[in-house]
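Subject: Structure for your review

Dear colleague,

Please find the sequence and structure below. My notes on what was found follow directly after them.

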Amino acid sequence: MADPIDRRLHYFDGQFLKADDFTDEQSYHVDRQRRHNRLFHTPGIAEGLAVTADQGAREVTVAPGTAVDGAGRQIVLPQSRTVAISEALKGKTVLLVVSYHEEPADAATTGGGGDTRWLERPQIEALEETEGMPPPESHIRLARLQIDAQGRVTAHDDDVRSRAGVSLRGEAELEKLVLLKSGVAPSGWPSLSCSAANMAWLSSALTVNSSLSVKSSANVAQLVVSGDLVANRNATLKGSLTIQGELIASGGVKALTVKGPLQVDGKATVGTAQRGAGLQILNKQQEANGDSLIIGRSGSHLRLGYHGSYSWIQSHGSKPLAINPLGNNVGILTTAPAAALHIGKSGLALFGPNRWNAYLAVGGDSRTRTDASVAASNGNLHIDAKEGSFGIYLNHYAKNKTVLNATGGNVGIGTTNPVAKLHVVGDLLGAAKRIDGAQLRMVSGSTPATTTAWKQYNNNPASNGVFVDINTSAAGFKSTPFYITSLGGNGGHWTTMGATSIYSASKTGFRVYVNQTGITPANARSRRFHINWLAIGA
């Protein structure tokens, strides 16, 4: 036959047949079978082919089964087969695949010779997983394996397996679609059928593990559910949703998205199958960045949730949280607030991050009452102010004295470890003024003891001198201040000269020369020579 694909053998008595005729006969039926499989089925596993991969094993076993590849070829494994993990796959992610393979078999014992059969023996291979390889149309995935550096299996993943299915192209007319499952009694098989004009009837509950989109024409209810609606993943409805039973969404943040009115006559729960209040959202316990309930867009929005020890409400993004911005009072521990913020107890407790037992008790009519106080049970008082046009004021209303540490103890400004009655770290600006009326301030500093940038005078070690340039630009003086210096170290600095002499003074720095027999930058640093300085200026 010239073309076995569109010609089928026609037999008659006395016909003379040759080997090519029988080959064409098989080719025709093989083509029709594979054409059907390719056009009306999807490639994948039809039955069996389960993979056994023990932890630490260097081989895996594939059970008997059947698969169909993208060319429509049936891949039949009649007996279990064991596949060894090759040395080249150590430390790699591996795909275990099965593919179609045929080879001649059963040599002839009579006639002209040759083989009498084609042996369809599937190939089972463990191949390194790379993007798009091996081709999924010809190599059906059975499992993904993780192989360690010793060539042993450490993980076995069946998620790569796909089932062979039915491919319906265009329109298909069915009176009823029944969904079967092995191990489930026929009475439990759900069915889908037409119950009335433009209405589909599902005989059981509907569980959606991926996205669900429902659309219809104008003035027609898009989705009407008389029983329970359960969404384990995403459900998006671009219109109205009416539920006469219960609404349960147990997926993630976007388990249920309704872009239109939502009416629930029963109870609605999100994140749990337990029926509680009219609307109950139950997710895992989360901190204030959780995503149990989000109101607003992706930028600035409001989040509500609960933790194991508390419930929370948090504004996210660049916008603040406003409570009653249009008016009305806010009450805490009271149902009848009489002021903008009304706290129903005698005091308001404000705790710091370490919970010092500090409290701020506010009551009465401002300054005329004595029941306004700031205190801490352990004797510490912490007052903080962030950026703003005003600072913190300690002021006696009657213009009497304001006293700090009257019974003893040091006061620190800019330090948490004051070592004197008044210990200031940073600029000190007082009432003293220059003769031209400019207000004076004092700034102090020192060079690092072990890394002061000493340089050799005249680049000559025999000069017996070193110098250092000190940068005071961070002090921000507007003109050259008055500099006072001293030399510090751990030995030998008492024999030096020149440390108090100032050269090249300016508003941003000065230079100091130090003279000592045999001094070099290296031994100056080894003796921890450094300059302490004080600047007074405007």
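D69 touches P43, I75, Y100, E137, S138 and I140, leaving aside residues up to four places away in sequence; contact here means heavy atoms within 4.5 Å. This is a predicted model, in which local features need pLDDT of at least 70 and side-chain atom pairs count only at pLDDT 80 or more, while totals for chains, interfaces and linings use all residues. Residues are numbered from 1 along each chain as its sequence is written, and side-chain values use heavy atoms, with hydrogens and water left out.

D69 is located in the loop between β5 (65–68) and β6 (74–77). Strands are DSSP runs of E with at least two residues, and helices are runs of H or I with at least four, numbered from the N terminus. D69 counts as buried, because its relative accessibility is 2%. The classes are buried for under 20% relative accessible area, exposed for over 50%, and partly exposed in between, with a 1.4 Å probe and protein chains only.

The side chain of D69 also reaches the backbone nitrogen of A71, at 3.0 Å. Its polar contact with the side chain of R73 is at 2.8 Å. A polar contact is a pair of N or O atoms within 3.5 Å; within protein, one must be able to donate a hydrogen and the other to accept it, and residues adjacent in sequence count only if both atoms are side-chain atoms.

**Salt bridges**

Side chains of opposite charge can pair when their charged atoms come close. A salt bridge is defined as a side-chain nitrogen of Lys or Arg within 4 Å of a carboxyl oxygen of Asp or Glu, and by this rule the count comes to ten.

The side chains of D69 and R73 form one of these, at 2.8 Å from N to O. Whereas D69 is buried, R73 is partly exposed at 23% relative accessibility.

E87 and K90 meet through their side chains in another salt bridge, at 2.6 Å from N to O. Here E87 is exposed, with a relative accessible area of 59%, and K90 is partly exposed, at 33%.

R511 is paired with D469 in a salt bridge whose closest N and O atoms are 2.6 Å apart. This pair links distant parts of the chain, 42 residues apart: R511 belongs to strand β44 (residues 509–515) and D469 to strand β41 (residues 465–471). R511 is partly exposed, with a relative accessible area of 21%, and D469 is likewise partly exposed, at 43%.

With kind regards
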